[in-house]
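Hi,

Here is the structure I said I'd pass on.

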Amino acid sequence: MRKDFYIFRHGETELNRQRRWQGSGMDYDLTPTGVAQAQQLLLKLQDKKLEAIFSSPLIRAKHTADVVAQALQIPVIVRENLKECFYGVAEGQLTIDLADRYPEILSHWASLAPEYDDISFPQGESKKTARERVLAELQKLTSEKYDVMGVAIHGGTMSQLLNYFNVAYDAIPNCAAFHLVFEDGRWFAVGGIF
């Protein structure tokens, strides 16, 4: 049994534009640029034979999924566990301000070192907790009737998946995607982000 997943980040929001941390506690819609990015994402995905898109419940991910799904005439199915990491006190804060207030947390957030897996902002979810939540949901999706699925998620959770599956990247632009396969009981990434 093989299942193909095309996992993608949502389009730009106003908080992305302002360089603010936008976790699951912030529910902003796409900017006009974000809608245009979602339309460009459609061009990347239109030949992948998607049968459905599973989406985070947050409006930015759902709106991105809707743009693609409506054009492809496939369903969007919301799954709560695909939402972004909750960043606690960092929610809505400028990255530059977090560098002053929480330099150690911020400097280790992108680290691949396992000793920083449990790092979190005060009152926030850890990297490990968010990653495990999304991985558990992806595992559930392997039992769906669809063979080729889109998955609309967020920059934070996508970075955790890319790190987990050893996919190299410099940055994760809005509407970047990557291909993940589940076959014969194991997961593997195909290529890099696109």
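**The sheet**

Strand β1 (residues 2–9) and strand β5 (residues 177–183) run antiparallel and are joined by seven bridges. Before going further: this is a predicted model, where local features need pLDDT of at least 70 and side-chain atom pairs count only at pLDDT 80 or more, while totals for chains, interfaces and linings use all residues. Residues are numbered from 1 along each chain as its sequence is written, and side-chain values use heavy atoms, with hydrogens and water left out.

Helices (H or I, at least four residues) and strands (E, at least two) are DSSP runs, numbered from the N terminus. Two strands count as paired if DSSP finds at least two bridges between them.

What is the order of the six strands in the open sheet? They go β3-β2-β4-β1-β5-β6, with mixed pairing. The edge strands, each pairing on one side only, are β3 (76–78) and β6 (186–190). From one strand to the next the twist averages 25°.

Seven of the eight residues of β1 are buried, so this strand is largely enclosed by the rest of the structure. Buried here means under 20% relative accessible area, exposed means over 50%, and partly exposed is in between (1.4 Å probe, protein chains only).

**Helices**

Helix α3 (residues 59–72) lies across β1, β2 (52–55), β3 and β4, and runs at about 175° to β2. For angles like this one, axes are lines fitted to C-alpha atoms (for helices, over the stretch in contact), and the angle between N-to-C directions runs from 0 to 180 degrees.

Then there's the pair α6 (residues 127–141) and α7 (residues 155–164), which pack at about 80° with their axes 9 Å apart. They are therefore roughly perpendicular to each other; that label covers 65 to 115 degrees, with under 35 roughly parallel, over 145 roughly antiparallel and the rest oblique. On the α6 side the contact (heavy atoms within 4.5 Å) is made by Lys-127, Ala-130, Arg-131, Val-134, Leu-135 and Leu-138, which meet Thr-157, Gln-160, Leu-161 and Tyr-164 of α7. By class, that gives six nonpolar, two polar and two charged residues, counting Ala, Val, Leu, Ile, Met, Phe, Trp, Tyr, Cys and Pro as nonpolar, Asp, Glu, Lys and Arg as charged, and the others, Gly among them, as polar.

**Salt bridges**

How many salt bridges does a search of the whole structure find? Eleven, a salt bridge being a side-chain nitrogen of Lys or Arg within 4 Å of a carboxyl oxygen of Asp or Glu.

- Arg-2 and Asp-4 meet at 2.8 Å, N to O. Arg-2 is partly exposed at 37% relative accessible area, whereas Asp-4 is buried at 10%.
- Arg-17 and Glu-14 have their closest N and O atoms 2.5 Å apart. The two are three residues apart in helix α1 (residues 14–17), so about one helical turn separates them. Glu-14 is partly exposed at 27%.
- Glu-125 and Arg-133 come together at 3.0 Å, N to O. Glu-125 is buried at 15%, and Arg-133 is buried at 12%.

Cheers
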